[in-house]
Amino acid sequence: MEALTPPKSHNSKKKKRKAIEFDTQVQMLKEQQEKNAPMLGYYPSGFDPLNLKNPESSKLGFFRDQKRLRRVELVVKPNGSKVDYVGNSHFGEAAVGRMNSYALAVVDKRSQSFRLAPINANRVFRLQPLARASRASETEPETPAKIEDAEDRRLKRHKLTDRYGTKGAIKKDKEAMRLSQKEDPDVMPEINQILEATPIDKTAIESSSLNTDNNLPPHDLSATTPEKAYLLDKIILKGEWDYVRDILERLQSGQEIKPDVYPSFVCNRCYKVELNKDEAEKSRLAGILSYISHLINIKNRYSAGGGGKSSKHHVYLPSILSQKFDKMFINKEKNRLSDDKIGSLISYVLVLTLFVDEFQTDFTDIAKDLKMSALSLRPYFENLGCKFARRNKVTVATLPTPLKFPTLRKRRRG
């Protein structure tokens, strides 16, 4: 009996596209120091630059640290957007060692060439959105802290020479000090008269004051109410609110907010959360208090001598906030707060205290949490545009609007 074979379906024969084959030369390019290697950037936020009206008008910048040549930064400035997309090679994901490698392949059918250009690990950039007002300048000048450190070392060396040096060394040192004097007391009165007669360029002062606002929290100079003067949604981002619910959850479960766990300012303001009837406002207020706790914890942990060790307040710091604070405030090489970012951290704390106290804050307890005196905290409030008033025999910091920051003052040196 002959076996029956099923009929062949016409779909069984699929037409396969014939692959085009051609002989080619493969060239592997090596990285050259005098030339920039290819860079790879990706947008984890889902932003697509091709969806812009004029994508070709967007600006692309590549920056390299002049002192640390391995540190590079890629900046994309979309046209018509207030947000820059910034990726760097020394913070966050880029700082983690990579086990894989990337290459850019370019095929030229005409010349039948196939080129592979390697992409190093420090050329793969995670482009994160950052508001332009919050970004530091692309070419950072020498910080005043470094200049002051050099001056302190020079003075200390002069004192040691004056106390223990030989007569010849003391004479040479005095001559060097005389030559290094930048001002002559005999001509200072004449210079001061010239300065007073010189007209002041207000636009230059305004622009210089804007350049010094980089360490201030995000703000709106045109705001007419204190609630809108500092942008809370830019200080505590939308995705961070879910990680600052610890105080609210403790209060809802009947747990006590203890002073050995949380700063005194937070403990003294928890009653505002409990008395608030609006659930949304209660969650917002508790989140701000939790955020203040984390900032104070970072300051105490990474202050000079802290070295990243645990501070007095043992509050769990979520990784999303830890990475953010490390990038904003911490000098990773010295494992402590950057000298030029300590004031920035304090400013963030004080702005949040203003939100908690409805922009009339008694700052005695927050000064103790920051390990400062109330008097030494006043200049930080003034730099935020605050004024001071007496309420029930207590000095409080208020926030008038629109914001007005301190202007530059001419000082005489005698």
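**Sheet and hairpin pairing in the predicted model**

In this predicted model, four strands line up as an open sheet in the order S3-S4-S5-S9, and the pairing is antiparallel. Strand S3 (59–64) and strand S9 (128–131) sit at the edges with a single partner strand each, so one side of each has no neighbour in the sheet. Going from one strand to the next, the twist averages 30°. As a bit of background, the strands of a sheet pair through backbone hydrogen bonds, and this can happen in parallel or antiparallel fashion.

Inside that order, S4 and S5 come one after the other. Strand S4 covers residues 72–77 and strand S5 covers residues 83–88; the two run antiparallel and are joined by 4 bridges. One place to look is glutamate 73, whose bridge partner in S5 is asparagine 88.

Then there is the pair formed by S6 and S7. Strand S6 (residues 102–108) and strand S7 (residues 113–119) also run antiparallel, with 7 bridges joining them. Two positions in this pair can be picked out by their partners: valine 106 has arginine 115 as its bridge partner in S7, while valine 107 stands opposite phenylalanine 114 in that strand. S6 and S7 make up a hairpin, with 4 residues between the strands.

Definitions and conventions: Residues are numbered from 1 along each chain as its sequence is written. This is a predicted model: local features need pLDDT of at least 70, side-chain atom pairs count only at pLDDT 80 or more; totals for chains, interfaces and linings use all residues. Side-chain values use heavy atoms; hydrogens and water are left out. Two strands pair if DSSP finds at least two bridges between them. Axes are lines fitted to C-alpha atoms, for helices over the stretch in contact, and angles run from 0 to 180 degrees between N-to-C directions.
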